[in-house]
Amino acid sequence: MAAILPTGLRNGMKGLDANRYATKKTVAQGMLDIALLTSNASQLKYVLQVGPKHEFYTLLVVLISISIVLQLVSAIVAVLLSSIFNINHQAHQRNAIILNNVNLVFKIFSITVNVVISIFYSMQIDIEAQRQLLS
């Protein structure tokens, strides 16, 4: 944090407000999480509407469900992090770091699952497009 200067002028340079930056970063991350959850809900709706005739029906339903659960758990961990722990207190810092790392692991798994979902989801769309071109 030594590189982040306080708001105002220091040696003729305008500094970066660390709290403002962290707040904007957190809000942006939250919006991306909501976008991913919305995307997963839309994908699940499509797969359920198509039903078992979808080539990867079971796989996609399981993967999308896992992704949604991971995202919900990650959101719960984030709420716990923000409401229970105060990182300004030395006693809370260790537990907050551990919980933050757990949250990071959930996000990494969620991203990995969503990459796999994207692969199988787009494969089905490509197959349908080829069928339409041939008919």
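Leaving aside neighbours within four places in sequence, with which residues is S110 in contact? In the predicted model described here, the residues that S110 touches under this condition are L36, S67, L70 and Q71. S110 itself is part of helix α3. With a relative accessible area of 4%, S110 falls under the 20% limit and is therefore classed as buried.

The overall architecture of the chain comprises three helices and two strands. Read from the N terminus, these elements follow the order β-β-α-α-α. The helices are α1, spanning residues 18-50, α2, spanning residues 57-84, and α3, spanning residues 90-134. Of the 135 residues in the chain, 23% are buried. The accessible surface amounts to about 9800 Å², and carbon and sulfur atoms account for 67% of that surface. When contacts between residues at least 6 apart in sequence are considered, 58% of them connect residues at least 24 apart.

The mean pLDDT is 82, and 81% of the residues reach a score of at least 70. Helix α2 has the highest confidence, with a mean of 91, whereas strand β1 (residues 9-10) has the lowest, with a mean of 52. Where pLDDT is low, predicted coordinates should not be read in detail.

The structure contains one salt bridge, formed by the side chains of D33 and K107 with an N to O distance of 2.7 Å.

A pair of aromatic rings is described by the distance of the centres and the angle of the planes. Two aromatic pairs are counted in the model. One of them is formed by Y46 and Y121, whose ring centres are 5.7 Å apart and whose planes lie at 80 degrees to each other. Because an angle over 60 degrees counts as edge-to-face, the Y46 and Y121 pair is assigned to that class. The pair likewise links distant parts of the chain, with Y46 in helix α1 and Y121 in helix α3, 75 residues apart. The two tyrosines fall on either side of the 20% limit for burial: Y46, at 22% relative accessibility, counts as partly exposed, while Y121, with a relative accessible area of 17%, is buried.

L104, V105, I108 and F109 make a nonpolar surface patch of about 370 Å². Among these residues, L104 is located in helix α3 and has a relative accessibility of 48%, so L104 counts as partly exposed.

G51 is situated in the loop between α1 and α2. Its relative accessible area is 5%, and G51 is therefore buried. The C-alpha atom of G51 is separated by 9.9 Å from that of V61, a residue 10 positions away along the chain.

Definitions and conventions. Residues are numbered from 1 along each chain as its sequence is written. Side-chain values use heavy atoms; hydrogens and water are left out. Patches are made of residues with over 30% relative accessible area and no salt bridge: like charges are joined within 9 Å, nonpolar side chains (Val, Leu, Ile, Met, Phe, Trp, Tyr) within 5 Å. Accessible areas come from the Shrake-Rupley method with a 1.4 Å probe; for residues, only the protein chains shown count as cover. A salt bridge is a side-chain nitrogen of Lys or Arg within 4 Å of a carboxyl oxygen of Asp or Glu. Helices (H or I, at least four residues) and strands (E, at least two) are DSSP runs, numbered from the N terminus. Buried means under 20% relative accessible area, exposed over 50%, partly exposed in between (1.4 Å probe, protein chains only). Rings of Phe, Tyr and Trp (its six-membered ring) pair if their centres lie within 6.5 Å; planes under 30 degrees apart count as stacked, over 60 as edge-to-face and the rest as tilted. Contact means heavy atoms within 4.5 Å. pLDDT is the predictor's confidence in each residue, from 0 to 100.
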